[in-house]
Amino acid sequence: MRTRLVVGNWKMNGSRAANAALLQAVRASGPWTAEVAVCVPAPYLVETALALQGSMMSWGAQDCSAHEAGAYTGEVAASMLAEFGCRYAIVGHSERRAYHGESDQVVADKAKRALAHGLTPIVCVGETLAQREAGETEAVVKRQMSAVIRTLEHCISQVVVAYEPVWAIGTGRTASPAQAQAVHALLRGQLLAATEKAAQMRLLYGGSVKADNAPALFAEPDIDGGLIGGASLVATEFAAICRAAARP
Ligand code: PEP
């Protein structure tokens, strides 16, 4: 049985005071049977690690460099994150793909670098609205996933995958449970062809998950939790989503 995972993606939000209050409230709302993590902006990583010491929650970064070290101004190396006990690194979020031009191969290289330093990459894939309307959803997510499969080879089973339809991110428009399940089943099938451990891999859904739609999404057989943006900034919403991820 796969342990469900709920990951908050704060994106570029927060302040020291707001983070402390949010982390304290979320922490106090546990324990949960699902695993819970937050991926916070880089300057807040260490303070987050300290605030979560002794709790069930883990923490992660929202990105990491594809490079080991060197002249890459502004980038954060996976090795640096690992030094502080970072557990997860989101890679290939659609906002990084869209605003920073990250290609499928760069995303795969980031995942590889994260794994090499003991971080678990959360690899995001997902189609735009235009691609969905053109009937390209399957081709797009398979192409994004295959770059990672090809690059990681037998290590692919160590990643977490997040299916995040771009048209559902921050829009309030969620994929229906059936739409999300269809893509998750497709991705699991693709992973099964690459690794015998695909049945144990966690596939998260992300895109306007809220307390009220989380139970139906999490009830789908191939949805193993969520990557939560906006709702992870509201302690009561995030806590309710974490509770909804409990296995019946
Ligand atoms: C995200 O940023 O990964 C995300 C899913 O955002 P939201 O929940 O706000 O749609």
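A salt bridge is counted here where a side-chain nitrogen of Lys or Arg lies within 4 Å of a carboxyl oxygen of Asp or Glu, and by that criterion the structure holds 15 salt bridges. The model is a predicted one, in which local features need pLDDT of at least 70 and side-chain atom pairs count only at pLDDT 80 or more, while totals for chains, interfaces and linings use all residues. Residues are numbered from 1 along each chain as its sequence is written, and side-chain values use heavy atoms, with hydrogens and water left out.

Three of these pairs are set out below.

| Pair | N to O distance |
|---|---|
| Lys110 and Asp63 | 2.8 Å |
| Arg113 and Glu68 | 3.1 Å |
| Glu138 and Lys142 | 3.7 Å |

The salt bridge between Lys110 and Asp63 links distant parts of the chain, since Lys110 belongs to helix H5 (residues 104-116) and Asp63 to the loop between strand E3 (58-61) and helix H3 (78-83), 47 residues apart. Helices (H or I, at least four residues) and strands (E, at least two) are DSSP runs numbered from the N terminus. Arg113, also in helix H5, pairs with Glu68 of the loop between E3 and H3, 45 residues apart.

Lys110 is buried at 5% relative accessibility, where buried means under 20% relative accessible area, exposed over 50%, and partly exposed in between (1.4 Å probe, protein chains only). Arg113 is partly exposed at 27%, as is Glu68 at 35%.

Within helix H7 (residues 137-152), Glu138 and Lys142 are 4 residues apart, and therefore separated by about one helical turn. Glu138 is partly exposed at 42%, and Lys142 is partly exposed at 32%.

Finally, a network of salt bridges links Arg2, Arg188, Asp222 and Asp224.
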